[in-house]
Amino acid sequence: MNFKKYITAFGILFLLFPVETFSQEKGLILDETTRRKFDYFFYGALNAKTQGKYDEAFDLLQHCHAIDSTNASVLIELGAYYSSLGEKNTALNYFRNAVKYDSTNYYYNMILAGMSKTLDQKQEVIDIYNFLLKTYPDKVDLYFELANAYADNGELAKAIESLNTLQKFTGVSDAIAINKFRLYNMMDQKENAFKEIQVIIGKNPDNVRYRILMGDLYLQDNQTEKALEYYNQAKLIEPEASSLILSMVNYYEKTGNKAAAIEELQKAIVSSKMEVDTKLQLLARYIAVLRQNQQDIKIANPFFQSMFEQHPNNTQINMMYGDVLMLQDDKKGAMNQFEIFTKDNPTDPAGYEQMLRIALPDSLALDKVVEIAQTGIKNIPTAPQFYFYLGLARFQQKKYKEALDTYEQGLENAEFQSPMIESDFHGQIGDINHTLNKNDVAFESYEKALKLNPQNLPVLNNYSYYLSLERKNLDKAEQMSGITIKAEPTNPTYLDTYGWVLFEQGAYTMAKIYIEKAIEYGKDELSAEVLEHYGDVLAVTGETEKAVEQWKKAREMGGDSKILNKKIKRKEYIKE
């Protein structure tokens with residue numbers, strides 16, 4: 001099995017866990033010869049991991065486990081491996097055994113607690129944190145983790161007790177007070193809840209943030225009069241605080257005074273004392289409120305006009321306004337805003353990406369896609385996305401040689417942050433070469449793509465289908481196609497491919513089942529090819545009249561296979 005796709009999770013866990021092969025509390029005592037053999041395999045595993053040889057690293061860890069199944073370091077590494085595979089229960093057992101044989105290891109206990117939490121083992125999490133607090137009393141932050149564990153288990157009073165203990169060590173803090181507020185609210189002890197925030201205000205009487213927080217909390221609790229009382233207190237301290245302005249907007253919205261809400265926001269935007277970035281944050285949050293309340297966001301447009309007048313050279317406003325116009329389905333207006341942004345920020349990919357979002361769905365805008373992508377490549381030659389979309393546009397324009405050159409240039413010049421993106425490039429190269437009837441070259445590209453991303457579903461689908469058309473390596477084609485339908489069991493394209501591979505293998509009854517599923521799930525966008533496949537499978541299973549009916553439908557939809565008319569005329573399946 002190829003483990004490269006687990007590089008991040010497996011690799012990081014290797015680094016996190018200290019190497020402590022000699023710190024076992026209990027377990028096997030190895031003689032000197034066996035110990036040297038164990039160490040040879042263990043450090044060999046670490047070296048293999050450093051070199052990216054994850055298959056080899058796992059095999060060496062298995063050798064270590066065979067020699068000493070009580071070694072906590074090996075157990076924790078194997079658990080990390082199974083966790084990266086998604087086999088959480090297996091990982092949990094390895095982590096439990098690691099702690100069993102090295103019970104006081106802080107890191108092993110923490111990783112066990114994390115996995116136990118993932119698997120909803122609530123009491124086990126509580127027990128681990130209580131044990132760690134007894135073992136490591138100086139790690140007072142564990143009280144916070146313990147409080148969360150108690151809360152997850154519904155033991156709210158014990159959660160508060162844990163936070164109270166933490167507070168004795170650290171003093172009053174925002175995080176503790178807000179969590180206690182939340183817990184008291186869950187217990188329907190609102191008076192105690194608000195007292196927690198009042199304590200913070202008492203210790204920080206000139207800090208406007210806490211009074212605004214108290215107002216926000218009262219507003220959430222529908223105590224609008226109390227909320228306004230604290231907002232007014234905040235105004236006396238800092239009347240133009242940006243967070244206070246937004247809170248007042250929310251207050252007016254809550255109390256049904258929309259005119260006052262807009263006036264409050266307008267006042268902030270025209271204020272010369274407020275930074276433009278703060279104004280943008282306010283505007284963004286206000287738009288979020290409008291959307292949440294299902295209000296027409298066009299009422300925000302005049303605010304942008306005010307911003308343009310005050311800050312004519314700040315193109316971040318254009319970028320944000322373009323996003324807002326997109327939400328209003330004003331694609332032309334949005335494109336204009338993004339063009340202004342990219343002209344001023346030619347090395348920022350965000351503007352080009354937004355323009356591509358507008359142009360790509362429009363099949364008549366391929367020239368625009370080409371223009372945007374070429375400009376993106378010119379200014380940011382290491383960005384792979386622009387090579388990808390330029391190649392895609394060239395392919396759709398049937399300029400196959402130019403598309404191929406684009407993807408190859410991308411592989412040479414772009415910086416890939418993920419092997420999955422690089423895999424897609426090889427997949428596109430494979431598709432183009434197949435279109436150019438260079439099947440052997442196409443299959444080589446598909447192999448490269450799958451080496452980088454074994455779960456690349458479009459590549460698995462296309463590779464398996466083209467193999468089936470050539471009637472070779474059908475077992476491999478069936479295996480690859482099977483992966484796609486397990487991942488997306490209602491995808492009509494993947495179902496049709498799998499059905500056709502089965503057809504070529506001679507499994508006609510099963511082929512019929514899958515092709516019928518393809519028709520069922522793809523009924524709104526059926527292709528002539530799928531209907532012809534259905535006719536073929538009906539013909540070989542003895543349903544001749546139905547087969548002819550499907551072939552005729554395929555022809556009506558533009559089906560132009562060389563022998564489709566012969567099938568209809570002869571009323572029988574004919575191999576191409």
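Good morning. First, the ground rules. This is a predicted model, where local features need pLDDT of at least 70, side-chain atom pairs count only at pLDDT 80 or more, and totals for chains, interfaces and linings use all residues. Residues are numbered from 1 along each chain as its sequence is written, and side-chain values use heavy atoms, with hydrogens and water left out.

Now the whole chain. How many helices and strands are there? The chain has 32 helices and 0 strands. Both are DSSP runs, numbered from the N terminus: helices are H or I with at least four residues, strands are E with at least two.

Next, overall dimensions. The C-alpha atoms fill a box of roughly 90 × 80 × 50 Å along the principal axes. The radius of gyration is 32 Å, whereas a compact globule of 576 residues would have one near 25 Å. That radius is taken over C-alpha atoms, and the globule rule is 2.2 Å times the number of residues to the power 0.38.

What share of the residues is buried? Of the 576 residues, 48% are buried. Buried means under 20% relative accessible area, exposed means over 50%, and partly exposed is in between, with a 1.4 Å probe and protein chains only.

Let's zoom in on helix α26, residues 457–470. Serine 464 lies there. Is serine 464 buried or exposed? Serine 464 counts as buried because its relative accessibility is 0%. Its side chain reaches the backbone oxygen of asparagine 461 at 2.8 Å. Leaving aside residues up to four places away in sequence, serine 464 touches Ala477, Met480, Ser481, Thr497 and Val501. Contact here means heavy atoms within 4.5 Å.

Asparagine 461 is also placed in helix α26. With a relative accessible area of 4%, asparagine 461 is buried. Its side chain makes a polar contact with the side chain of threonine 497, at 2.7 Å. A polar contact is a pair of N or O atoms within 3.5 Å; within protein, one must be able to donate a hydrogen and the other to accept it, and residues adjacent in sequence count only if both atoms are side-chain atoms.

Last stop: lysine 575. This residue lies in the segment after α32 (564–570). Lysine 575 is exposed, because its relative accessible area is 56%. From serine 73, lysine 575 is 502 residues away in sequence and 60 Å away in space, C-alpha to C-alpha.

Thank you.
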